[in-house]
Amino acid sequence: GVLPSQFLEAKAKDDRRVVYRHYPVRDAKQDLILGKTRPYEPPTNCWSLGLKRNMAVALASGDVIAHFDDDDLYAACYLDFMFQKLQEQVPQADGPGGLAATAAIVTLAEWHCFDFGAGRFWHINPKTDPNVLESWRDEMCYGYGFSYVYTRKAWKVQAFPDTEDCEDDVFMSRLRRQRHVHVGLVKLPSLESGLVAHSYHGNNTGICEFRGTKRLGTVCEPFGFEGAMQIVASTRRKVPNLRSAPPA
């Protein structure tokens, strides 16, 4: 975008671990919304989400990369839990070096959703939900980048495509075709164990957990998001007209 994020600039000043880089370039998301760019195609004269992901990984100093969607809720234990699951993907046969020497990626096989308008959670498991089309199951389990945690070596095997839409799905699909890349689906400890809540607020670029207007999954009350709910309450006060997700 043209202007930097005041929120991230402030965080970078308060916490030395936060590295924020702003580049004043056009955002390909706007071209996609206006129909100037097609999904899966490189944009013209602007930076795509895939390109920005590649730059962020290149700037990062660690051997493990975690994705976050900026409008989703994450439990405090999320990174510890997913890092442990990533380590479990590393076979002893890979020898010394551990994660740094291994191409591996994990993502959640099930997760929660949160409706900002209604203040309601629900749980979705694409593998077992009878309302998920068979042809959608793999894409829903593997293709959503909000819970990707992977090694730098996996990214070196396959970088993100220079596209604004579906860059995470293409990235994962290509990694899954590589025999030497370890790919794991992570189950929740229990249905009520909250790790990530994919949010709906009326301005989403997609409604992945719906089939038409029918909500997939089941309503539940997970634990683990207590800290995040303070931010949710503040957001709902500041933006009282957030729309609910489509009805079940």
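The model is a predicted one, where local features need pLDDT of at least 70, side-chain atom pairs count only at pLDDT 80 or more, and totals for chains, interfaces and linings use all residues. Numbering runs from 1 along each chain as its sequence is written, and side-chain values use heavy atoms, with hydrogens and water left out.

E167 sits in helix α7, residues 167–176 (helices are DSSP runs of H or I, at least four residues; strands are runs of E, at least two; both are numbered from the N terminus). Its side chain makes a polar contact with that of R53 at 2.8 Å (a pair of N or O atoms within 3.5 Å, one able to donate a hydrogen and the other to accept it; residues adjacent in sequence count only if both atoms are side-chain atoms). Leaving aside residues up to four places away in sequence, E167 also touches L49, G50, F160 and P161, among others (contact means heavy atoms within 4.5 Å).

On to the nonpolar side. The largest nonpolar core holds 26 residues, and Y78, M82, L108, W111, L195 and V196 have the most contacts inside it (such a core is a set of buried Ala, Val, Leu, Ile, Met, Phe, Trp, Tyr and Cys residues joined through side-chain atoms within 4.5 Å). Helix α4 gives the most to this core, four residues. A second, separate core has 15 residues, including V57, I65, I105 and W155.

Overall, 39% of the chain's 248 residues count as buried.

Notes: Buried means under 20% relative accessible area, exposed over 50%, partly exposed in between (1.4 Å probe, protein chains only).
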